[in-house]
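Please look over the sequence and the fold before reading on.

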Amino acid sequence: MNKKQLAVGFIGTGIMGKSMVLHLLKANYELFVYNRSKEKAIELINNGATWCDTPKEVAEKADVIITMVGYPYDVEEVYFGSNGLIAHARKGATLIDMTTSTPTLAKSIYDAAKENDLYSLDAPVSGGDIGAKNGTLTIMVGGDKAIFEKVSPILSCFGQNIIYQGSAGAGQHTKMCNQIAIATNMIGVAEALVYAKKAGLDPENVLKSISAGAAGSFSLSNLAPKMLVNDYSPGFFIKHFIKDMGIALEEAEKMNLHLPGLSLAKKLYDQLAEKGEENSGTQALIKYWE
């Protein structure tokens with residue numbers, strides 16, 4: 001892919017999207033951006049991205065369009081709305097949804113794209129705001145393998161562990177596996193710190209020991225330290241994690257699969273959201289024990 005000739009569109013320049021666009025700009029791609037709140041794109045515009053007033057305008061100008069929005073209903077609007085990508089993207093364009101959404105919606109986008117001479121991939125990510133800033137995101141991709149290989153240079157701008165998982169929807173299913181693993185791990189991280197404090201230990205020293213051992217995880221290394229200093233700023237919003245867990249539980253139900261650990265985690269996070277913590281980072285789970 002010739003960066004000089006390739007125009008990339010990016011819809012959704014929030015906590016994750018902003019950093020991802022900055023990496024694309026550093027790689028010298030021509031960038032067209034849209035976000036519901038323009039102020040969240042100001043830094044990107046100042047760094048060379050071109051602002052678009054609607055998803056339609058992005059669709060009319062870009063060869064590859066990446067979406068990173070909040071909820072499945074946002075994805076539906078961006079792709080199937082009157083100003084959406086399916087109706088207005090240029091023939092032969094590639095649409096990459098990196099939102100954590102439903103496998104069913106990913107398949108619907110794939111089918112609609114195919115009918116309109118477009119290509120699509122579902123490519124949700126893991127790694128949070130830290131991974132986005134460092135360009136080290138894990139990217140799980142579903143769709144046609146040939147299209148995945150074609151756009152891999154773009155994905156590699158902000159991801160390191162980029163793996164093709166299979167046909168349309170496979171990326172989203174893999175992200176559900178990721179969220180299931182994180183959900184119960186977060187409970188363990190919070191309980192470990194609560195236990196350490198109750199036992200009269202120095203929690204920071206405890207972390208030095210257990211984060212380097214068999215208990216090590218991203219959450220233990222990156223979010224537990226935030227718990228210790230009462231930093232609940234969102235690298236990943238609780239409200240979005242609740243959305244993801246809900247999707248995973250719905251998909252599990254379709255497969256007649258009972259996931260008690262995930263159900264418990266969602267219950268705890270639901271209780272925090274009811275107390276006004278929906279816009280806190282997922283590390284705020286430790287407040288359940290306070």
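A contact here means heavy atoms within 4.5 Å. The model is predicted, so local features need pLDDT of at least 70 and side-chain atom pairs count only at pLDDT 80 or more, while totals for chains, interfaces and linings use all residues. Residues are numbered from 1 along each chain as its sequence is written, and side-chain values use heavy atoms, with hydrogens and water left out.

Leaving aside residues up to four places away in sequence, Phe158 touches Met20, His23, Leu24, Ile66, Met98, Gly131, Gly135, Thr136, Leu137 and Ile139. Phe158 is also, with Leu24, Leu31 and Met98, among the residues with the most contacts inside the largest nonpolar core, which has 58 residues. Such a core is a set of buried (under 20% relative accessible area, 1.4 Å probe, protein chains only) Ala, Val, Leu, Ile, Met, Phe, Trp, Tyr and Cys residues joined through side-chain atoms within 4.5 Å. Helix α1 (residues 15–26) supplies the largest share of this core, six residues. Another core, of 29 residues, lies apart and includes Leu220, Ile242, Ala265 and Ile286.

Helices (H or I, at least four residues) and strands (E, at least two) are DSSP runs, numbered from the N terminus. In strand β5 (residues 94–97), Thr94 and Ile96 point one way and Leu95 and Asp97 the other, all of them buried. Two strands pair if DSSP finds at least two bridges between them.

| Strand paired with β5 | Sense | Bridges |
|---|---|---|
| β4 (residues 64–67) | parallel | four bridges |
| β6 (residues 119–122) | parallel | four bridges |

Ile96 is the bridge partner of Ile66 and stands opposite Leu121 in β6.

Key
Buried means under 20% relative accessible area, exposed over 50%, partly exposed in between (1.4 Å probe, protein chains only).
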